Amino acid sequence: KSNYSCDIDKKEIFISAGADHATFLSLSSILNPDEEVIIIEPYYPAYIAQIKLAGGCVKVFKTFESEGFNINVNKLSQAISSKTKILIINYPNNPTGVCINKQKLEEIEALCLKKNIVLISDEVYSDFCYDDIFYPVAKLEKAKDRIITVGSFSKNYAMTGWRVGYVIASAYLIETIKEVNESVCYTPSSISQRAALHALQTKEELQPQVISIYRKRVQYCYERVNAIDRKST
């Protein structure tokens, strides 16, 4: 609740063996054969295989550096067809780092309602939104029954490899995800669960240090890349 600043019932949460596991379970619980899933380019590469394994078809919606890699909701609306079932967004984005503000999220929410599609929000890097205030989709109320949040301890708590992720969604979706998971992977290991609990209990002390270190690294990389003479490369 402290992370999302809203009330989330325990029936609306599923703990997964990492965010990839969470995304695959979500897709498998919703998709019918040959239904479309729109992903935003640049995108996290694993989405492609996950969608295909769940029986869906991939549709790529491109964003451009000239537009700050932002989502043009009007153009996105035109990309949605009668076969589109799910839209996946990822912010802060892997690999661009672009965040989505509250106004843009509300526009996307309205589009999902209008087009009758499910929104999956990959928020694995939620604590690394440096220039904007991070606004989680879990706080959107109008389309709550068709919104799924995927999160992870890997990046926000420097726990890559511990394989602890989670899904936040309406209770009926979580129940379906649990049913699908019975044939995939019961839970993260008990050791990983204990580590995740410790991370939550000590986040106020430890997390700012992690964020500060990554901020310095991002700034360093940004300055080095900007210093490249593009005309000679």
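Why is the disulfide of C99 and C129 left-handed? In this predicted model, the torsion about the S-S bond of C99 and C129 is about -130°, and the disulfide is therefore left-handed. The bond joins C99 to C129 with an S to S distance of 2.3 Å, which lies within the 2.5 Å required of a pair of cysteine sulfur atoms. By this rule, the count comes to one disulfide. Distant parts of the chain are linked by the pair, whose members are 30 residues apart. C99 is located in the loop between β4 (84-90) and α4 (102-115), whereas C129 belongs to the loop between β5 (118-122) and β6 (147-152).

The packing of two helices was also examined. Helix α1, comprising residues 19-30, packs against helix α2, comprising residues 46-53, at an angle of about 35°. The axes of α1 and α2 are 9 Å apart, and their crossing is right-handed. On the α1 side, the contact is formed by D20, T23, F24 and L27; these meet A46, Q50, I51 and L53 in α2. By class, the residues of this contact comprise five nonpolar, two polar and one charged.

Attention was then given to open space in the model. A probe the size of a water molecule, rolled over the atoms, shows where empty space is left. The largest pocket has a volume of about 1000 Å³. Its lining consists of 28 residues, and T96, G97, V98, Y130 and V218 are those that lie nearest the centre of the pocket. The lining of the largest pocket divides into 14 nonpolar, eight polar and six charged residues.

Methods
Residues are numbered from 1 along each chain as its sequence is written. This is a predicted model: local features need pLDDT of at least 70, side-chain atom pairs count only at pLDDT 80 or more; totals for chains, interfaces and linings use all residues. Side-chain values use heavy atoms; hydrogens and water are left out. Axes are lines fitted to C-alpha atoms, for helices over the stretch in contact, and angles run from 0 to 180 degrees between N-to-C directions. Helices (H or I, at least four residues) and strands (E, at least two) are DSSP runs, numbered from the N terminus. A crossing is left-handed if the near helix is turned anticlockwise from the far one by less than a right angle, and right-handed if clockwise. Contact means heavy atoms within 4.5 Å. Ala, Val, Leu, Ile, Met, Phe, Trp, Tyr, Cys and Pro count as nonpolar, Asp, Glu, Lys and Arg as charged, and the others, Gly among them, as polar. On a 1 Å grid over the protein atoms alone, a cavity is a set of points where a 1.4 Å probe fits but cannot get out, and a pocket is an open set with protein on both sides within 12 Å along at least five of seven lines; lining residues have an atom within 4 Å of a point. Grid points are joined across faces, edges and corners, and a volume is the space filled by probe spheres set on the points.
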